[in-house]
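Hi,

Here is the structure I promised to pass on to you. Have a look at it first, and then read my notes below.

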Amino acid sequence: MIFSSLHMNSVKLGVLASLMALGAVRSVVGQERHFSVRLEAENRTINPNLWGVFFEDINFGADGGIYAELIKNRSFEFFRPMMGWKILGDTPEGAVMVLNREQTHETNPRFLRIDNAKISGTVGLENEGFRGMGIRKGEEYTFSLMYRQPTGTPTSCRIQLVDSVGNAIGESVFFLENTDDDWQRISVGIRAKSTEAKARFVIWFDGNAAVDVDMLSLFPVETWNNRPNGLRKDMVQVLADMNPGFLRFPGGCIVEGFDLSQRYQWKNTVGPIEDRQMVVNRWNFEFANRLTPDYFQTFGLGFFEYFQLAEDIGAEALPIINCGMACQYNTGEVVPIDQLGPYVQDALDLVEFANGDISTTWGKVRAEMGHPEPFNLKMMGVGNENWGPQYLERLAIFQKALKDRYPDIKVVASSGTDPQGERFEYLDTNLRKMGVDLIDEHFYREPQWFLSNAARYDHYERNGPKIFAGEYAAHTKQKVKPEDKNNWEAALAEAAFLTGVERNADVVELASYAPLFAHYEGWQWTPDLIWVDNLQVYLTPSYYVQKIFATNTGTHIASVQENGQNLTGQEGIYSSAVFNREDKELVIKLVNTNASQQSVVLDLSTFKKRLPKTVTHTLLQESNILATNRVGEPETIHPAVKDLRVEKNSLRVEALPKSLNVFKVKLTL
Ligand code: AHR
């Protein structure tokens, strides 16, 4: 229907403009377009775990983020042992010392000796947290420490939560009783009287003897699933809300490490936390313009916890293991082939850790950590963003060892850093020859790339390896503020591209945006899916796009076409459709990237006897492509849901400018 020929005075035009903004009338530009929606004859199925999440300890994702530990540098193992700490009170030389017992405790060599005998009065330690500590009024926190004090009278300890101007907002007192030479652990609760985003923690020691302390730790009692020393509840919740099909961990470049000594070694991240040897986080120094000198990996969130997290949020675990190569953007070190054995063994042992019964070496470790049941691991990535013949040579050894021992474990291989070009072509061709199960593709590109590549997978080989769209994000040029890079332009381009992923879900088996989390004061990389500060979580437009796709999926690919063609950007429209056999639901996604509204008729006549009276329409829309969600305005872009009437076996849709629309059609029997 064309309104453009109507004679209208300016008042009427104004009214029409307002009505259009409300979506109440048809477009004045362009013809009404007709799209037909059908079930596909080929019966192409969709992996129920298609939409997942990529987790890496980048941007304070783990330490300082989802891992709810509030004390920074709890065991004095940072390069500077007292980083994050301040000594309070008058302490003569030698009264507070960092001791190093490397000979006997290689994984946790340092501790602090406070010699009260040398101090007149009390001495205190203050910890600044990760950019402060987020403390909530009325909530209880658990402080714990390891200590030994063989002589003297018991040391009296007073702990305090302190607000940003120095007022105590919580206090508890306890005693460190005498011990023999062995270390003891003590825990005590402390309740907060007010909410503070930038709190600090203080402990005062009063006694007459030397006391050794280590692993000073403070956690909220309320963590995800109320697990002691667990994860930040609000951050896990937003992951769970996405209904993720898989959790990829622990990254990312962090798997590779700056050099091999800093690579991720999962065996060092399981067992008692005081024995998990800390490693510098590669994002500490990766970007000269975003140096983060206090960024280390404590591995409090280690491989056991990652598997547990995946299980908690209903996701398949997808661990990525180092393939004997360090980051090729950094040192590019590789392990000689004749020394690759321990790396391969780590991969094999990881399967045993996840799936082995409790009589096996690593199954027993898992059981002792509290999970005798297997985690049911089904896939593993070998290498992250590795490339070249040196990668293929190493991958082949891992692939053979894994397939010989665990033929059902799917091997995920890297196609490097780019989705095209010589490096990509070389890897893609060879990985297909090698018969890997999944190829991990990464694309951090401008929004236009996402729009132009919506048909990328339409012609992919159907019989070869499946695709893992393992890391993607549209990067706009907006750099005014870091969070501004997560604008609607980027999210809308991602939505358009994802219709292409969904239409080809028989070949794209897994997909995840990256990176996942960023702390406003601790980030190194933007854009990111979810931003946090010490107390809050902020959801980006890209988050809503991911969530909409992940929570509106199906069991089979359906088709939505105009004149027999898939919708891959004609006049700015991108579309895909799926059918959920179990719920008898047809789900149509329609993205309008145009700046004008478009009138569309979705022809559903092939379902005619089964159509309901109304369908659910989820809309994510914003005309200003530079709009973002941010602190103070967290909900500028968020989904709205309403009903839409079915008319004459079709849906008449006014696709608003710059919008993602989802129509859920519940078919009757
Ligand atoms: O997601 C951030 C980084 O991007 C990942 O660590 C790496 O795999 C990619 O280069």
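Let's start with Gly-252, which sits in the loop between β14 and α3 (helices are DSSP runs of H or I with at least four residues, strands are runs of E with at least two, and both are numbered from the N terminus). Before going on, some housekeeping: this is a predicted model, where local features need pLDDT of at least 70 and side-chain atom pairs count only at pLDDT 80 or more, while totals for chains, interfaces and linings use all residues. Residues are numbered from 1 along each chain as its sequence is written, and side-chain values use heavy atoms, with hydrogens and water left out.

Back to that loop. Gly-251 and Gly-252 are joined by a cis peptide bond, with omega at about 20°. Another cis peptide bond links Phe-249 to Pro-250, and there omega is about 0°. Pro-250 also belongs to the loop between β14 (246-249) and α3 (253-256).

Gly-252 turns up again around the ligand, together with Phe-54, Glu-56, Cys-253, Trp-283, Asn-384, Glu-385, Tyr-444, Glu-471, Pro-515 and Trp-525 (a residue counts as near if one of its heavy atoms lies within 4 Å). By class, this shell has six nonpolar, two polar and three charged residues. Here Ala, Val, Leu, Ile, Met, Phe, Trp, Tyr, Cys and Pro count as nonpolar, Asp, Glu, Lys and Arg as charged, and the others, Gly among them, as polar.

Which residues put N or O atoms within 3.5 Å of the ligand's own? Among them is Glu-56, with a polar side-chain atom 2.6 Å from a ligand oxygen. Tyr-444 also uses a polar side-chain atom, at 2.7 Å from an oxygen of the ligand, whereas Cys-253 brings a backbone N or O atom to 2.8 Å from a ligand oxygen. The protein covers 96% of the 280 Å² of accessible area that the ligand has on its own (Shrake-Rupley method, 1.4 Å probe).

Now find helix α5 (residues 341-355) and helix α7 (residues 389-405): they pack at an angle of about 30°, their axes 10 Å apart (axes are lines fitted to C-alpha atoms over the stretch in contact, and angles run from 0 to 180 degrees between N-to-C directions). The contact (heavy atoms within 4.5 Å) includes Val-344 and Leu-348 of α5 and Phe-398 and Leu-402 of α7. It has nine nonpolar, no polar and two charged residues.

Look for Phe-76 in the loop between β2 (53-54) and β3 (85-88).

Cheers

How values were computed
A polar contact is a pair of N or O atoms within 3.5 Å; within protein, one must be able to donate a hydrogen and the other to accept it, and residues adjacent in sequence count only if both atoms are side-chain atoms.
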